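Below is a short note on the model, arranged as numbered points. Each point takes up one part of it.

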Amino acid sequence: METLKDYNRLAINFRKSYVQEVLPEYFQESYPAIISFLEGYYEYLDSDEQWGGGLNELITIRDFEDTTLERLNFVLSEIGLGVSSGRFTFPREVLRNFGNFFRVKGSEYSAYGFFRAFFNDNDIELIYPKESLFRVGQSLIGPDDGYTIQDGGIYQIFSIIVKSGKPISEWEALWRKYVHPSGFHLGAEVLIIGKDQLSFGTADEFALVYDPYKVHSSVQYNYVAEGEITGLYQDNELYAPEPVKAQTAIWSYMIPGYIQWGYVLAEDDEDKARERLDVYKTPVAYGINATINQVTANYNTIDEWAGFHLKTGSSSVNFSNTSSFSTFDQVYHVQYTDSDGEVQLYNYYK
Amino acid sequence: MATTTKSSDLDFDTIKARLKDHLKNQPQFNAYNFEGAGLSNLLDVLAYNSHINALNANFALNEAFLSTAQLRSSVVSHAQTLGYEIRSVTASRALVNLTLNLTGVAGRPVNITIPRNTTFTSSVDGITYTFRTLEQYTARDNGSGTYAFLTTGGSADIPIFEGVEKTKTFIVGQKDERQIYVIPDDTIDKSTAVVRVYSSVTSSDYSTYLPLSQAVIIDETAKFFSINEVPNGYYELNFGDGTSFGKSPEPGEKIVVTYLSSKGANANNATVFNPTSQVRVNGIDYVISTVTSSESTGGADRQSIESVKQLAPIAYASQKRLVTSLDYKAIIESNFSQVREAAVWSGDQNIPIDYGRVYISLNYAANTPAATKQAVQDAIVNNFTTNLSVMSIKPKFVEPEEVFLALTVNFNFDPALTGNTTATTEDNVFNFIDNYFTTNLSTFGAVFRKSNLATEIDAFDESILSTRMDIKVQMRKEIDTAINNTFDLDFPCQIAEADDVFYRIQSTTFEFKGQICRIKNRLNSNTLSILNLADAVMQDNVGSYNRLTGKVSIVGFKPTRMTSGGNTIRIDAVPAIEGTIKPLRNYILKFEKDESSTNAIIDRQTPSLEITI
């Protein structure tokens, strides 16, 4: 007997030809061909695809370390809810930890472990919207404080937002199967890091959370969306000493009949910080493309772009890979999918 | 369906061909003629040997995994490895009201008690089954000699269980050997087992051990037992190890196990129970009067191999916790034989969204009484969700939604290919479709595929040459004729676009403003109206439908009465795509018999011989 692999456990080699021992001794001299023939036969039987190989495999067939990935899938069907070994970079390591993983399901530990194991992603962030809820008598009112009134959706007690580098459509089904505390709202933010040429996925990749709202079957814009673009000027540059520059800049966004003054916020104040120009797109009349195009055209007239924020309605399509945002040099892009079907895309300075 | 591992190709000819190729590639044999009679015969023998052994190897490999094992013993063994407790036979259970009339009997007592094992008989499909009480019950004289037996909770519904009470006795042997107590009975209902341990063979003093599932704290003095199916099909009684896993009976002690040996599902649906025990009062036997409160249900055979294969892995994943929706499903389906299946979803996936809730819809066996359903729900809450779920998350039970499919089936039929008449064949096809729905579609998530059914109808009888069918999807709603009814119906499909000739939505008839009417969509419109039978408008707008979402919204509907009797309105919708009807999460597809039909179209493949003179 010999150990095939030095795991000090089970792998014992039963492959041994007894042809010569079984046949009478004179066969070796008189009929060497028949001995070679039968040994060839047993060698054939012991090859991996034949039953001899299979029998030998029985010894270690449930050994995580030794069995083939094909057999490992059967073990995974028993203790891993049927997930395929091909999903993992280190399936044997994952298999060893499934028991622990199931015992801690619903915890932060399991959430981070889920992304580590299934997506090799160590950079997710869990956000609890309940921490941003406005509390009467405790929270300050105003945008700077960042509190949100409970909305029966994301902003309520039973809510989790996962911020990761992957769209929710890639991981939602698995998350719900392995981790998600049933009864909680699940939201997601996608962090897309890129530069120069951003490539956004297809609509399917940005699938909305719920089938009933998933109306986009093809990639197209319907422009029912809101948007905001923010540019930064040097201090006082918007109005003084060159108010014309600001006005020109603002008017450059104007498409007669489509946008109103009320949608443009040009900030000027007495501090020494750079000024902010926000351009809001009307929800219906002014399309995302148009807004982007206008910004592109005026890109060089503005000191620095802080980014943009686009928001689709629940019946709107998502952002597609036909979109080109290459003129924006902010490297952080976040696509946020709400359970109401609303998709928001942020480009911001970080 | 288990996936079978394939250790080698099992086909004889393939084995022989591969063996030949293998040997031909050996340098010492490459000049041999393998087609020659001698070598060919030798190869036949070796290939046959390989074939037989490969079969055995294949069987052995398949038994190594839960998902591919075929033998119950292997499946049981794998499930035990996962810590899964396989359901035994479950005794059918009925509720009866028991009374005793001693009016006029002198010297009657104030209280009368009937003992455990008071028996009753009932017949199902011509077979008699014995039911019995598993506790004693007491009744009090109401003053006029009538005694109504009550549970300790004060209920008049007395549970009785089908089965024969059996007892198995073991004497505990030496402690240095692991004691194995096998109950050689595969009809045991584990939940009825009572385990008493006597201090000696002759002693009448005993300690009662409790099921391990009831354990809260386990130490060396805790008295718990478990009964598990073992690979030989029988059941093994286990105790603690005497240290950390609970008390172990001592050598010389006597273990007495009492349990019900049951016929399982066979005894379900018994409705009339005749007492076979009598109550003796002052030396005279009196017969108990029995009224059935709830017919027998919940009886089940021991868990099937397929069920174990499906549930053991998800029960393992649940780790006896209720976190994910799948955990709820595993716990419910593993512990309640009355539940055929459970659909569970998170409140954030519900419509409308309901955070902090887990939605549970249970599909019961046919004819399960409302009382049994309520008891199951109560048990799920009391025994599981309250203890095991995430704090503050509460379950919400919802009824399965029934969606009916009305089929108009036309099939080409050649009478020459069968001995049946056209009418008989039409009836046979109709019954075949009914059975198809029962067999294939009466579960959550089962998808109707028109082509599959058409294929099966074609194969049902060789006289059926081809089949086509039109499909309508129907949902039903209880109506209160005293109020304006406003409700939505979510059809599990898109609805056909409005047309200028055909109606897409149509209801059953009802009386409205003195005329017989239906709800229909206006032609070329998604607006719903009430029309009389001549299609004259009686109420212009009674709602609308959204063809993309499949939602039919009825607003302010107040009929005088439903013409079919009862209060149910049935609303048919023509699906946009008939090929596939995919139910939503807790929808169950059913066959709408009243509006379905099967029609044979004579299609003679062999012209009859006619002689013209």
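**Notes on the predicted model**

1. Strand β20 (residues 357–364) of chain B is joined by 4 bridges to β21(B), and the two run parallel. One residue pair can be named: Tyr359(B) has Lys396(B) in β21(B) as its bridge partner. The model is a predicted one, and this applies to every point below.

2. These strands belong to an open sheet of 3 strands in chain B, with the order β19-β20-β21 and mixed pairing. At the edges are β19 (339–346) and β21 (394–397) of chain B, each of which pairs on one side only.

3. Chain A contains 10 helices and 9 strands. Of its 350 residues, 46% are buried. Among contacts in chain A with a separation of 6 or more, 64% are between residues 24 or more positions apart. The accessible surface of chain A is about 17800 Å², and carbon and sulfur atoms account for 51% of that area.

4. Two helices from the two chains can be described as a pair. Helix α3 (residues 32–45) of chain A and α2(B) have axes that come within 12 Å and cross at roughly 35°. Their crossing is right-handed. On the chain A side, the residues of α3(A) that take part are Ile34(A), Phe37(A), Leu38(A), Tyr41(A) and Leu45(A). They meet Leu39(B), Leu42(B), Leu43(B), Leu46(B), Asn49(B) and Ser50(B) of α2(B).

5. Which residues of helix α5 (residues 69–79) of chain A are buried? They are Arg71(A), Leu72(A), Phe74(A), Val75(A), Leu76(A), Glu78(A) and Ile79(A). The list includes the residues Arg71(A) and Glu78(A). The buried residues of α5(A) pack against elements of both chains: α4 (51–58) and α6 (91–103) of chain A, and α2 (37–62) and α4 (305–318) of chain B. After α5(A) comes Leu81(A), with a positive phi near 55°.

6. In soluble globular proteins, nonpolar side chains tend to be buried together. The largest nonpolar core here has 70 residues, and those with the most contacts inside it are Phe98(A), Phe114(A), Phe118(A), Trp171(A), Trp175(A) and Tyr178(A). The element that gives the largest share of this core is α4(B), with 7 residues. Another core, of 51 residues, lies apart from it and has Phe510(B), Ile519(B), Ile530(B) and Tyr545(B) among its members.

7. Phe114(A) can be looked at on its own. With neighbours within four places in sequence left aside, Phe114(A) is in contact with Phe101(A), Phe119(A), Trp171(A), Leu174(A), Trp175(A), Tyr178(A) and Val179(A).

8. Asp470(B) is a residue of strand β24 (residues 464–478) of chain B. Why does Asp470(B) count as partly exposed? Its relative accessible area is 40%, and the class covers values between the buried limit of 20% and the exposed limit of 50%. Not counting residues up to four places away in sequence, Asp470(B) touches Ala406(B), Leu407(B), Thr408(B) and Glu578(B). The C-alpha atoms of Asp470(B) and Val409(B) are 6.6 Å apart, while the two residues are 61 residues apart along the chain.

Notes. Residues are numbered from 1 along each chain as its sequence is written. Chains are lettered from A and ligands numbered from 1 in the order in which they are written. This is a predicted model: local features need pLDDT of at least 70, side-chain atom pairs count only at pLDDT 80 or more; totals for chains, interfaces and linings use all residues. Side-chain values use heavy atoms; hydrogens and water are left out. Two strands pair if DSSP finds at least two bridges between them. Buried means under 20% relative accessible area, exposed over 50%, partly exposed in between (1.4 Å probe, protein chains only). Contact means heavy atoms within 4.5 Å. A nonpolar core is a set of buried Ala, Val, Leu, Ile, Met, Phe, Trp, Tyr and Cys residues joined through side-chain atoms within 4.5 Å. Accessible areas come from the Shrake-Rupley method with a 1.4 Å probe; for residues, only the protein chains shown count as cover. Axes are lines fitted to C-alpha atoms, for helices over the stretch in contact, and angles run from 0 to 180 degrees between N-to-C directions. A crossing is left-handed if the near helix is turned anticlockwise from the far one by less than a right angle, and right-handed if clockwise.
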